[in-house]
Amino acid sequence: MDYLADERKKAEFDVDEMKIVWAGSRHAFEVSDRISKLVANDPGFRKDTRTMLARKELFKNTLRKAAYAWKRIHDLHLSEEEASRLRFYVDEPAYTDLHWGMFVPAIKGQGTDEQQKKWLPLAYKMQIIGCYAQTELGHGSNVQGLETTATFDPQTDEFVIHSPTLTSSKWWPGGLGKVSTHGVVYARLIINGEEHGIHGFIVQLRSLEDHLPLPGVTVGDIGMKFGNGAYNTMDNGVLRFDHVRIPRNQMLMRVSQVTRDGKYKQSDVPRQLVYGTMVYVRQTIVADASCALSRAVTIATRYSAVRRQFGSQNGGPETQVIDYKTQQNRLFPLLASAYAFKFVGEWLTWLYNDVTQRLQASDFSTLPEAHACTAGLKSLTTTATADGIEECRKLCGGHGYLCSSGLPELFAVYVPACTYEGDNTVLLLQVARFLMKTVSQLGSGKKPLGTISYMGKIEHLMQSRCTVQKAEDWLKPSQVLEAFEARAVKMAVSCAKNLSKFTNPEEGFAELSADLVEAAVAHCQLIVVSKFIDKLQQDIPGKGVKQQLEALCGIYYLYLLHKHQGDFLATSYLTPKQAALANDQLRALYTKVRPNAVALVDSFNYTDHFLGSILGCYDGNVYPKLYDAAWKDPLNDSVVPEGYHEYVRPLLKQQLHTAKL
């Protein structure tokens, strides 16, 4: 029985068409739909006991699943696209994530043609398993501070890889702890006592025969991490080198080379190529953010429609929790954010392709803007998603705290995204540097490009004032964009003015860093809002689909406007009356979205297996499933618990003095 059938009947749009909008294309939808069902219906990919397993058992089960997934990929002759979707829907962090997501792209991006010919076929067949060994115990964000050394020995034509200090131990690389046979290891290049910066080296770590660490290599797992199950399926590792020798041709030499006679030289390939890989990785992180947030929102929305509390009239049913405005005000902006992040992620895919084409044509003009934009969006979306998953847990009340709700594990798996591939605050400071540089160049005739082009209208934006007179005026895209542009410009200019008062710019940057971060956030929020609005300019087929997306877009930007009201008022763009009208319009949009809420999360097309949540199950039959799941916990294997006779009975019988404690 479908307990959410009445909710689904209320939908005012074509859910099947919205599924295609969410997937990005009909083809992408069909592949995702087919592969997600294939995984969901395969008992080999079960995950409902994951949070109850001890670490060793959990890890062994992950190794089994990774091998089984690889076997299924081969047996079914899946394409690269299908294989990638299968790994995604298996939904278990494993060494394969780093092998395919970091090791292979590093060799592709930084290896010469010759190196790619040698290493990629081995990696593609998984005859070697790789990790990405950059972060150290003592340094993460500050890559230039890494301490591992790679010293060239001209006598033997080798590099000597060494960990000179405890803090130079590689620490955190996924897959390193117990599985990887090879790593792309980042180290300080030293030739004749002279340093040449950080470079990548392919280093074999374990024997391909008995899997033992090679001489001079000390390697292991760094221990349990946050949460039950969650990221503990991954063997994040520690690695130390004691003068380990590798051939010279194992330095990744696409951009710079060391010759046989120890000369360091740049190749014809521009250094900027490395940025292409970075844009790619950050684009996938933004896409992952929309996925993780949409999962949490699906659980919270369905459960909010099932759960009833208070408000019973004359013995009738209580009120659905989703009908309370307080619940809508917390939940619907997260639903809108999931869609917003999806569309900005799509745009980032376009940006990556654009940057790649430009790099091949030696056009580096858009690189600084693309770098700042991807850094900022990675920071903005991962922070909002981590906070949003936790908010969804709270929206589910006490039951949200159960592992069977799926939310604690989803949060624990997702939250490291705020740190890896760039700490979120450090990234916002990089964006702020770019903004300050852009403001300083405005008088020079250099035209701001891409996502920063609004800075070209600085004179107009500094003077402009909001013209909204009634609540509906806030539905005009031009009005909204100007509000967010004016806020971003005024906050950036204010920071630049305050910076100019310092004789030492670096001192000023450090002192004003909190304000600079806020200016960076304003810039990044403008990008997300503008890309959502751009999406709505496209032809979007399907009955009522565009109208629902317009309502969600309105909720996204009006919620941001309400949340950051202080910025808009402090920059004198808005009056308090106009801010109040924005809030009136926001409430009206909640009412518009309410009958469509369950259908909007159905449009994500997630199977119950992928969601891994009793509270978010498709049929809404929550309470019997919660009750049954409780009895499956290992603690309920026996009626009288182990330890009763040793510790509880002596207490009850007042015999603790004779008990062996």
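Threonine 135 is in contact with Gly140, Ser169, Lys170, Trp171, Trp172 and Pro173, leaving aside its neighbours within four places in sequence (contact means heavy atoms within 4.5 Å). This is a predicted model, where local features need pLDDT of at least 70, side-chain atom pairs count only at pLDDT 80 or more, and totals for chains, interfaces and linings use all residues. Residues are numbered from 1 along each chain as its sequence is written, and side-chain values use heavy atoms, with hydrogens and water left out.

**The binding-site annotation**

- An unreviewed UniProt entry puts "binding site" on Thr135 and Gly174; UniProt positions follow the numbering used here, feature names are shortened, and annotations may be inferred rather than shown by experiment.
- They are spread over 40 residues of sequence but cluster in space, with a largest C-alpha distance of 10.6 Å.
- Threonine 135 sits in the loop between β1 and β2 (helices, H or I of at least four residues, and strands, E of at least two, are DSSP runs numbered from the N terminus).
- With 27% relative accessibility, threonine 135 counts as partly exposed; buried means under 20% relative accessible area, exposed over 50%, and partly exposed in between, using a 1.4 Å probe and protein chains only.
- Glycine 174 is in the loop between β4 (170-171) and β5 (182-191), and counts as buried at 7% relative accessibility.
- Not counting residues up to four places away in sequence, glycine 174 touches Leu98, Cys131, Met234, Asp235 and Asn236.
- Glutamine 134 also lies in the loop between β1 (130-133) and β2 (149-153), and its 17% relative accessibility makes it buried.
- Beyond its neighbours within four places in sequence, glutamine 134 has contacts that include Val143, Lys170 and Tyr186.

**The active-site annotation**

- For "active site", UniProt lists Glu421, again in an unreviewed entry.
- You'll find glutamate 421 in the loop between α11 (407-414) and α12 (424-440).
- Glutamate 421 is partly exposed, at a relative accessible area of 29%.
- Setting aside residues up to four places away in sequence, glutamate 421 touches Met102, Val281, Arg282, Ile285, Lys378 and Leu427.

**Aspartate 473**

- Aspartate 473 is in the loop between α13 (458-463) and α14 (477-500) and counts as buried, at 7% relative accessibility.
- Its touching partners, not counting residues up to four places away in sequence, are Thr467, Val468 and Gln479.
- Aspartate 473 and aspartate 584 are 111 residues apart in sequence, yet 11 Å apart in space, C-alpha to C-alpha.

**Pocket and cavity**

- The second largest pocket holds about 570 Å³ of space.
- It is lined by 25 residues, and the closest to its centre are Thr383, Ala384, Asp387, Tyr559 and Lys563.
- α10 gives the largest share of that lining, eight residues.
- The lining of the second largest pocket splits into 11 nonpolar, nine polar and five charged residues (Ala, Val, Leu, Ile, Met, Phe, Trp, Tyr, Cys and Pro count as nonpolar, Asp, Glu, Lys and Arg as charged, and the others, Gly among them, as polar).
- There is one cavity of 30 Å³ or more, and its lining includes Arg46, Lys47, Arg50, Lys65 and Glu92.
- On a 1 Å grid over the protein atoms alone, a cavity is a set of points where a 1.4 Å probe fits but cannot get out, a pocket is an open set with protein on both sides within 12 Å along at least five of seven lines, and lining residues have an atom within 4 Å of a point.
- Grid points are joined across faces, edges and corners, and a volume is the space filled by probe spheres set on the points.
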